[in-house]
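Hi,

Have a look at it first, and then read on.

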Amino acid sequence: MRGRPRSEEARRAILDTALRICHRDGYQQVTIKAIADEAGVGRQTVYRWWPDRAQVLLDALIDLRTREPGLDRNTGDTLRDVERVLVRTFELTHEITGPALIGLMADAQTDDDLSARLQGTVIGPRRDALREILRRGVESGELAENVPLPLVVDFAFGTMWYRLLSRHAPVDDRLAADITAAIARLLDR
């Protein structure tokens with residue numbers, strides 16, 4: 001990047017503020033001005049590092065993901081590991097990421113670069129973590145690949161996305177338990 005080096009404190013304030021505004025007020029209300037004002041930085045500071053709100057929010061989601069412990073940690077119980085990943089993912093949608101994910105996904109429908117970056121940095125790694133847990137379960141003999149693992153991952157996260165977008169039912173611990181139970185039946189030995 002051109003210009004002065006980023007101040008880590010300012011960068012973190014901008015990223016955290018963008019997610020907070022999005023969660024509190026909705027994706028459409030996130031503006032560079034609102035981010036700068038609430039983070040206590042100038043608009044030019046934000047624009048120096050990001051061209052628009054989508055890139056700020058995407059980097060905020062990436063930053064949040066890097067602060068999480070390894071999602072594909074192996075406890076020796078595949079289904080418990082599956083449920084742990086789902087519970088944490090669903091918690092994050094309530095705590096802070098839901099509106100940002102929905103807004104970014106909507107924008108990504110008409111922006112191929114944003115779509116590729118969103119898939120490559122936020123959505124893909126979470127999918128990969130779940131697929132890795134399932135693969136280990138199959139390799140250890142706990143599970144049988146009765147259904148292709150990528151389809152099982154689509155089932156798990158597709159259910160989350162459908163509920164986030166339609167708002168017809170909660171995305172919560174109960175859903176994580178229900179999806180884990182369904183995966184157990186799909187991949188039953």
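Let me start with Glu 132, which is partly exposed at 23% relative accessibility (buried means under 20% relative accessible area, exposed over 50% and partly exposed in between, with a 1.4 Å probe and protein chains only). Before going further, please note that this is a predicted model, in which local features need pLDDT of at least 70 and side-chain atom pairs count only at pLDDT 80 or more, while totals for chains, interfaces and linings use all residues. Residues are numbered from 1 along each chain as its sequence is written, and side-chain values use heavy atoms, with hydrogens and water left out.

**Salt bridges**

The side chain of Glu 132 meets that of Arg 136 in a salt bridge, at 3.9 Å from N to O (the rule asks for a side-chain nitrogen of Lys or Arg within 4 Å of a carboxyl oxygen of Asp or Glu). Arg 136 is buried, with a relative accessible area of 18%. Helices here are DSSP runs (H or I, at least four residues), numbered from the N terminus.

Helix 6 covers residues 112–140 and holds another such pair, Arg 131 and Asp 128, three residues apart, again about one turn. Their closest N and O atoms are 2.5 Å apart. Arg 131 is partly exposed at 26%, and Asp 128 is partly exposed too, at 40%.

Asp 25 is partly exposed, with a relative accessible area of 37%, and Arg 24 is partly exposed at 48%. There is also a salt-bridge network that links Glu 8, Arg 11, Arg 12, Asp 16, Asp 63 and Arg 67.

**Helix 1**

Helix 1 runs over residues 8–25, 18 residues in total, and spans 25 Å from its first C-alpha to its last. That is close to the expected 26 Å (1.5 Å times one less than the number of residues). Its buried residues are Ala 10, Arg 11, Ile 14, Leu 15, Thr 17, Ala 18, Leu 19, Ile 21 and Cys 22. They pack against helix 2 (32–39), helix 3 (43–49), helix 4 (53–66) and helix 5 (78–108). After helix 1 comes Gly 26, with a positive phi near 100°.

**The nonpolar core**

The largest nonpolar core has 59 residues (a core is a set of buried Ala, Val, Leu, Ile, Met, Phe, Trp, Tyr and Cys residues joined through side-chain atoms within 4.5 Å). Those with the most contacts inside it are Ile 14, Val 46, Val 56, Leu 57, Leu 86, Leu 104 and Leu 134. Helices 1 to 6, together with helix 7 (149–166) and helix 8 (173–186), each supply at least two residues of this core. Helix 5 gives the largest share, ten residues.

Leaving out residues up to four places away in sequence, Leu 86 touches Leu 130, Ala 156, Phe 157, Ala 176, Ile 179 and Thr 180 (contact means heavy atoms within 4.5 Å).

Thr 78, in helix 5, is buried, with a relative accessible area of 5%. Its side chain makes a polar contact of 2.6 Å with the side chain of Glu 142 (a pair of N or O atoms within 3.5 Å; within protein, one must be able to donate a hydrogen and the other to accept it, and residues adjacent in sequence count only if both atoms are side-chain atoms). Beyond its neighbours within four places in sequence, Thr 78 is in contact with Ile 133, Gly 137, Glu 142 and Leu 143.

Gln 55, in helix 4, is buried at 17%. Its side chain is joined to that of Arg 117 by a polar contact of 2.5 Å. With neighbours within four places in sequence set aside, Gln 55 is in contact with Trp 50, Leu 114 and Arg 117.

Trp 50 is buried, with a relative accessible area of 2%, and Trp 49 is buried at 6%. The count of aromatic pairs comes to one (rings of Phe, Tyr and Trp, the last by its six-membered ring, pair if their centres lie within 6.5 Å; planes under 30 degrees apart count as stacked, over 60 as edge-to-face and the rest as tilted). The ring centres of Trp 49 and Trp 50 are 5.7 Å apart and their planes stand at 90°, so the pair is edge-to-face.

Best wishes
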